Amino acid sequence: MNNRDFNKFFYVWISLLGESRYKTLRFLIEEYGCVEHIAAIKSREDFTQALAASEKLAENILDPDKKKEAQHICCEAARLGMNIVTLGDEEYPEYLSQIYAPPLVLYYYGALPPMGSQAVAVVGSRGASGYGRNVAYNLSKDLASAGITIVSGMARGIDSCAHKGALAAGTPTVAVLGCGADYIYPPENKELYHKITDCGAVISEFYPGTMPQKQFFPARNRIIAGLCAGTLVVEARSSSGALITTDSALRENRTVYAIPGNINSELSLGTNKLIQKGAVCVTCAKDILDDLGVDTKPGVISKIDGLDKNQIAVCLAILSNAQSVEEVCAATSLDVATVLGTVTQLKINGIIEGVGFGNYVVK
């Protein structure tokens, strides 16, 4: 087993040892110093005093079925063509690694956003109004056109409209699921699911085959907020699940944005209350872009519209400060030949230019 496969196995195994996965990992690292020493525990003779006192955890560590289950999960993900990224990997999302209890393992289809790219979560009511759906779609499209990655939960209503808006801009979008990444939920979003995996990523901290359960969605919402610099709530009732996402954002000192709504509408109670409490009031995409300090480069965005997904990925990587071919390859997961061919096309189209020493910038 090579180092990469070992890391996948190890973090999957740790995630099976108890509900407080990150807390468990920190405890074991403090006791044993490194993952290799933890994985080498074979009997109670290897226990520290603190581990011996944690009876349930000690029992799980010695349970051979836990390691068999971890191995099965890794094999099942490989069989399904599902990617696994673990905490500490270079490609693990930087923003997400900074939250209080980041997921140890992410299972995903598609491609994770390039390192250094900015993302905004767009969330809201499943039973959204026509007004809310239009706002979610158009704002997401405008933000995506400015190079912002849209993150949501692929739920009915606002979430689905947010993803569709991003896709309409031809830019990657990320869906975080409260079930396994191989389970399409809700089922009517099958077409949307496949479009997202083709241009973005569908991710989950739950292993393959996990069915959606109500208690999983708060954990899912913390990942949505954790991936992003800010969270936009479009419509929400006073007790909406979207407000769980904003709570997660606030705990991590991330910005909360809200769309003002009709004071007589139940769907506006949550968003209007957020604004009263200090959320940034948003009436157009520029409000968010200005708050994030994003240079929209309108001339560039208009040129990006209509390009294929490789051209868009390369252009957005360069916008996110990947300048050399090697940096673009790392940011997009494309091979060198594909990047070189795409760079040539973008230069011909007048979107990028060379600045010497094999580096490129967007015009």
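Which residues are exposed on the other side of helix 18? Ala337 and Ile348 are. Exposed means over 50% relative accessible area, buried under 20%, and partly exposed in between (1.4 Å probe, protein chains only).

This is a predicted model: local features need pLDDT of at least 70, side-chain atom pairs count only at pLDDT 80 or more, and totals for chains, interfaces and linings use all residues. Residues are numbered from 1 along each chain as its sequence is written, and side-chain values use heavy atoms, with hydrogens and water left out.

## Helix 18

Helices (H or I, at least four residues) and strands (E, at least two) are DSSP runs, numbered from the N terminus. Helix 18 covers residues 336–348. At 1.5 Å a residue, its 13 residues should span 18 Å, and its end C-alpha atoms are 18 Å apart, which agrees. The expected span is 1.5 Å times one less than the number of residues.

The buried residues of helix 18 are Val339, Thr342, Val343 and Leu346. Seen down the axis of helix 18, they fall within an arc of 105°, so they line one face of the helix. That arc is taken from the directions from the helix axis to the C-beta atoms.

At the start of helix 18, a side-chain oxygen of aspartate 335 comes to within 3.2 Å of the backbone nitrogen of alanine 337. Just after the helix, glycine 350 has a positive phi of about 80°.

## Aromatic rings

The structure holds 5 aromatic pairs. Rings of Phe, Tyr and Trp (its six-membered ring) pair if their centres lie within 6.5 Å; planes under 30 degrees apart count as stacked, over 60 as edge-to-face and the rest as tilted.

Phenylalanine 10 and tyrosine 11 form an edge-to-face pair, 5.4 Å centre to centre, with 90° between the planes. Both residues are buried. Phe6, Phe10, Tyr11 and Trp13 form one aromatic cluster.

The ring centres of tyrosine 185 and phenylalanine 217 are 6.3 Å apart and their planes are at 50°, so this pair is tilted. Tyrosine 185 lies in the loop between strand 5 (173–176) and helix 10 (190–198), and phenylalanine 217 in helix 11 (residues 217–226), so the pair ties together parts that are 32 residues apart in sequence. Tyrosine 185 is partly exposed at 31% relative accessibility. Phenylalanine 217 is buried at 15%.

Charges sit over two of these rings. A charge counts if NZ of Lys or CZ of Arg is within 6 Å of the ring centre and within 35 degrees of the ring normal. The charged end of lysine 67 sits over tryptophan 13, 4.9 Å from the ring centre. The charged end of arginine 126 sits over phenylalanine 217, 5.8 Å from the ring centre.

## Salt bridges

The structure holds 7 salt bridges. Each is a side-chain nitrogen of Lys or Arg within 4 Å of a carboxyl oxygen of Asp or Glu. The table includes some of them.

| Pair | Closest N and O atoms |
|---|---|
| Glutamate 91 and arginine 4 | 2.3 Å |
| Glutamate 76 and arginine 79 | 2.7 Å |
| Arginine 156 and glutamate 188 | 2.4 Å |

Arginine 156 lies in the loop between strand 4 (149–152) and helix 9 (158–168), and glutamate 188 in the loop between strand 5 and helix 10, 32 residues apart. Glutamate 76 and arginine 79 are 3 residues apart in helix 6 (residues 64–79), so about one helical turn separates them. Arginine 79 is exposed, at 60% relative accessible area.

Definitions and conventions:
A polar contact is a pair of N or O atoms within 3.5 Å; within protein, one must be able to donate a hydrogen and the other to accept it, and residues adjacent in sequence count only if both atoms are side-chain atoms.
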